[in-house]
Amino acid sequence: MRGGQGTAGARVLRFTNCRILRGGALLREDLWVRGGRVLDPEKLFFEERRVADELRDCGGCILAPGFIDVQINGGFGVDFSQAADDVGSGVDLVAQRILAHGVTAFCPTLVTSPPEVYQKVLPQIPVKPGGPHGAGVLGVHLEGPFISREKRGAHPEDHLRSFEARAFQDVLATYGPLDNVCMVTLAPELSRSPEVIRALTARGIRVSLGHSVADLRAAEEAVQSGATFITHLFNAMLPFHHRDPGIVGLLTSDRLPPGHHIFYGMISDGIHTNPAALRIAHRAHPQGLVLVTDAVPALGLGNGRHTLGQQEVEVDGLTAYVAGTRTLCGSISPMDVCVRHFLQASGCNLESALEAASLHPAQLLGLEKHKGTLDFGADAVILYKSHPTPVSWPALDARGVRVPHWRPHPSPWLRHRLCGAG
Amino acid sequence: MTIMRLVILDNYDLASEWAAKYICNRIIQFKPGQDKYFTLGLPTGLPRNHPESYHSYMWNNFFKHIDIDPNNAHILDGNAADLQAECDAFEKKIKEAGGIDLFVGGIGPDGHIAFNEPGSSLVSRTRLKTLAMDTILANAKYFDGDLSKVPTMALTVGVGTVMDAREVMILITGAHKAFALYKAIEEGVNHMWTVSAFQQHPQTIFVCDEDATLELRVKTVKYFKGLMHVHNKLVEPLHSMKEGN
């Protein structure tokens, strides 16, 4: 059994000469790890009277918690929404490849699909811990089919559904068993959504609002029923209006349950959101910002045509469109690029940018005790941000991942314009 | 050589740095080794109800920055079942370690060393002590200013315990300590200002900043300032363990 201090007999690793992200700040502190968990060195010193077994000099690097991506539709040619017989190996491939982007845990996302697809695919994507083999699976994110026709974006119209008739029973009939599901995106203006939201929340499933034409009132009611997330803010919802802010208004709503705030996903690839809009959202409610990739199977592949759910997409540079249209359908920017872009566009400090990709998604999913932080007792899943001159050292114990060398890059925003509905 | 040194630096940072260099040099000159331990004494005022706070203080400000073996760090345990036995055991540990080579401490505005409050016996040993109001007020800042939370008792080394150390260094900075410093070195030995006991210690060094000297006679200050070139030989050159000694 792993207690808060890791197994007593295991080796103690001490990372020194580093800055660690803890409590919202980059502290000049050593990071101690044992049995795959972050260790409290003070307790080790006074109670166990032990020192580290191994010292690792980090050369001045920053150590940050691994990134968590709660919205990713596939990548490297793998499409999670395809009803295959071996979905598991596709998930494993993506899990392994996104490690290089700094993502150490993720929610495979399924877009609007017919019931046969859900019932075939869902049982094949169990929750799974991460490791050197790949990022951990935290649960499936079901985006659709209970969404707005008008704001479906890239989702296929034929497979949209409502739960007007039998509320939660309709949900179960569509998806099948919900054991592997951790989040559902739906449109709250759909009739009987408060019941459905309550039923999902009661099962520990996060409810997110998105692909919707809801006004602020309906959105607030949804939050009062238990919704806690907004799927890709600004995209696929009514634009902010000063007399009806719509879903965007949740960021500053005073009608949320006391002690609760809303989390909201942002695709900060420089294409889905104008940097000024990103800044407005961030400044209005920095604690709720969750960076997501919303990556499509084309992530990591080159320009050309690829599949997403029941549709074809066309990749051109850093942009992915529904084939033959100018409708955006997901991003192909890796998470570390999103973090970097967010840092530049928002002008926030590095700590906030890192937290938006680690702590906040962990909090959204209720996992912040063990994930998304480097607090004592948390899983020791660590990223290095290297110096200008990259330093190399032996692989971390079990879960450390090296983020590719970070350097500033010109934002694609300067070269692309947002076209069509987004 | 029996000597009392008063080392005066311009400000808190310079005083701290001077003291640190001095301790560093003392340890290295001692040539510690596998079987020869340098015993550094520090005031242990462990508030009885808050076992964490003193440990945290020592960890964050000292232990985590050095490579000491945890088994060689001894802190009085305010949660021990038998506090008197705990204190006696502490005295025994000091003896077994060969006595304290260098004791480093500060003073309170009431002139106490460790938690030996005014009225403490000058030959006292490690024991449980009731704290004076002055000390409680001074400690309030560690408890969010809530006086009701500040511990009223503490385990402490005695004046006698510190007097047994081969060398004593007292750090005194700030104007609020000036009167205590005056009482400590310009007036007589008095149990109301327990730090004055060190006038009778064969090797004491007081390191202070300008502000702490505000209540001393100009003559005293000038005399010791005039000796700084001699005092500075104790910290320059600054030795290093890497030298072939």
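Helices (H or I, at least four residues) and strands (E, at least two) are DSSP runs numbered from the N terminus. The model is a predicted one, so local features need pLDDT of at least 70 and side-chain atom pairs pLDDT 80 or more, while totals for chains, interfaces and linings use all residues. Residues are numbered from 1 along each chain as written, chains are lettered from A and ligands numbered from 1 in the order written, and side-chain values use heavy atoms, leaving out hydrogens and water.

Back to the helix itself. The buried set in helix 3 of chain B is B:Leu83, B:Glu86, B:Cys87, B:Phe90, B:Glu91 and B:Ile94. These residues sit on the same side of helix 3 of chain B, because they cover an arc of only 140° around the axis (the arc is that of the directions from the helix axis to the C-beta atoms). An α-helix has 3.6 residues a turn, so residues three or four places apart point the same way. On the other side of helix 3 of chain B, B:Lys92, B:Lys95 and B:Glu96 are exposed. At the start of this helix, a side-chain oxygen of B:Asp82 comes within 3.2 Å of the backbone nitrogen of B:Gln84. Just past helix 3 of chain B, B:Gly98 adopts a positive phi of about 90°.

Chain B also holds an open sheet of 5 strands, in the order 1-8-7-4-2 and with parallel pairing; two strands pair if DSSP finds at least two bridges between them. Its edges are strand 1 (3-9) and strand 2 (40-41) of chain B, each pairing on one side only.

Over in chain A, strand 1 (residues 12-16) is largely enclosed by the rest of the structure, since 5 of its 5 residues are buried. A:Val12, A:Arg14 and A:Thr16 lie on one side, A:Leu13 and A:Phe15 on the other. Strand 1 of chain A runs antiparallel to strand 4 (residues 31-34) of chain A, with 4 bridges, and A:Leu13 stands opposite A:Val33.

How values were computed:
Buried means under 20% relative accessible area, exposed over 50%, partly exposed in between (1.4 Å probe, protein chains only). A polar contact is a pair of N or O atoms within 3.5 Å; within protein, one must be able to donate a hydrogen and the other to accept it, and residues adjacent in sequence count only if both atoms are side-chain atoms.
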